Amino acid sequence: MRVLAIESSCDESAAAVLDARAGLLAHELFSQVQLHRAYGGVVPELASRDHVRRLLPLVRGALERAGTRPGELHGVAYTAGPGLIGALLTGASLGRSLAYAWDVPAIGVHHLEGHLLAPLLEADPPPFPHLALLVSGGHTLLIEVSGVGRYRVLGTSRDDAAGEAFDKSAKLLGLPYPGGPQLAQLAERGAPGAFSFPRPMLDRAGLEFSFSGLKTAVLHAVRGRSLTETLRADLARGVQEAIVETLTAKALRALEYTGLTVLVVSGGVSANRALRERLTAAAGSRGARVYYPRIEFCTDNAAMIAVAGLARLKAGEHDGLAIRARARWPLESLPALPP
Ligand code: KG4
Ligand code: ZN
């Protein structure tokens, strides 16, 4: 079985071809970062318009690189939500229409299920059941994953997501959008412990997160100061330490609560080197093993949509002729696949 997948939920346009036996044959991506930089964040209407321009050439490129003709495909997967509705509609319309034209089934994929299943693309994939820490620009979730579609959310953020905390703090430090990766780079040069920002909710029981207080603390720390390069690096280090420590402590707590010994970390923030190091060490010292997607599949991509779509198509699931797109879509409402 071979599928084409399309991702367009935010500011990344992507296409991929995945074969059930031969693995990932191609993945193409265009990031709209430059387009949105002038505005300091993603402008939804600009994102939609650019997806319209980029998607078809990306699909053509992925098929070409994969050496695949449309007649060799068994289905088309596209991101159906959650995300920016206009952006989602561009990929959904294209994916659903191509499937119709090629007379193959289409499947609308949940973007977060894509992130959760991204590590299955690696040579040594994580076993089920496992604990997932999904940290992206829009979500911070601890999830007990007992199989595809078998998700129990254990904890989430009450306000800002972890990626959002990186991005908003970065903005306060004068870094260009998207700030997360830039803040991480700057933090490498900062002195450890120079700034100690609050570790929200750590003192409280449970698995909830809250990151909105962090940007306020950063705002207070930068106010009235001239931001030298050293000071900015120290501040970045402090922000990263606070986020990494909070995520690590809650993930360990969740491993303890559930008795699980496998931790899967995915989503854009899982590309963060400090987080990876800290989690691997901390979980390792408790006898748990940590799995990550390769760096390029931490952030949005179509390969992860292909994995989730292929799993569901293989199980006999597919959509009707309607184009599906949902800005909001609870992860726990997804149907469970047989083990
Ligand atoms: O998963 P993703 O590409 O998009 C969403 O579904 O949200 O995640 C993007 C988020 C952004 O907030 C970005 O700043 C953050 O992931 N991010 C990072 C790093 N790389 C991406 N945050 C910290 N360190 C990084 N290296
Ligand atoms: Zn994402």
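In this predicted model, Ala106, Gly108 and His110 point one way from S5, whereas Ile107 and Val109 point the other way, and all are buried. In a regular strand the side chains alternate between the two faces of the sheet. Strand S5 spans residues 106–110, and because 5 of its 5 residues are buried, S5 is largely enclosed by the rest of the structure.

The neighbouring elements place S5 in context. Strand S4 (residues 75–81) pairs with S5 in the parallel sense, over 5 bridges. Within this pairing, Gly81 stands opposite His110 of S5. Together with helix H3 (residues 85–102), S4 and S5 form a β-α-β unit, and that unit is right-handed.

His115 belongs to helix H4, which covers residues 111–117. Its relative accessibility is 1%, so His115 counts as buried, the cut-off for that class being under 20%. Leaving aside residues up to four places away in sequence, His115 touches Leu134, Ser266, Gly267, Gly268, Cys298, Thr299, Asp300 and Met304. Two of these contacts, Gly268 and Asp300, are also listed among the residues closest to ligand 1.

Ligand 1 is surrounded by 19 residues, and the closest are Gly137, Asp167, Gly268, Asn272 and Asp300.

| Residue | Protein atom | Distance to an oxygen atom of ligand 1 |
|---|---|---|
| Asp167 | N or O atom in the side chain | 2.5 Å |
| Gly268 | polar backbone atom | 3.0 Å |
| Gly180 | polar backbone atom | 3.4 Å |

Taken alone, ligand 1 exposes 550 Å², and the protein buries 86% of that area.

Attention now turns to strand S6, which comprises residues 130–135 and includes His130. His130 has a relative accessibility of 3% and therefore counts as buried. A polar atom of the His130 side chain lies 2.9 Å from the backbone oxygen of Pro127. When residues up to four places away in sequence are not counted, His130 touches Ile143, Glu144, Val145, Leu260, Val262 and Val264.

Leu131 is likewise found in strand S6. With a relative accessible area of 0%, Leu131 is buried. Its contacts, again without residues up to four places away in sequence, are Leu142, Ile143, Leu154, Ala251, Ala254, Leu255, Leu260, Val262, Leu263 and Val264. Leu131 and Pro198 are separated by 67 residues in sequence and, from C-alpha to C-alpha, by 25 Å in space.

Pro125 is placed in the loop between H4 and S6. At 37% relative accessibility, Pro125 counts as partly exposed, whereas His130 and Leu131 are buried. Beyond residues up to four places away in sequence, Pro125 touches Pro119, Leu120 and Tyr291. The C-alpha atoms of Pro125 and Val264 are 9.8 Å apart in space, while the two residues are 139 residues apart in sequence.

Methods. Residues numbered from 1 in each chain as written. Chains lettered and ligands numbered in written order. Predicted model: local features only at pLDDT ≥ 70, side-chain atom pairs only at ≥ 80, totals over all residues. Heavy atoms only, no water. Helix = DSSP H or I, 4+ residues; strand = E, 2+ residues; numbered from the N terminus. Buried < 20%, exposed > 50% of the residue type's maximum accessible area, 1.4 Å probe, protein only. Contact = heavy atoms within 4.5 Å. Pairing = 2+ DSSP bridges. Right-handed = clockwise from strand over helix to strand, strands pointing away. Near = heavy atom within 4 Å. Polar contact = N/O pair within 3.5 Å; in protein donor to acceptor, adjacent residues only side chain to side chain. Areas by Shrake-Rupley, 256 points an atom, 1.4 Å probe, with all protein chains shown as cover.
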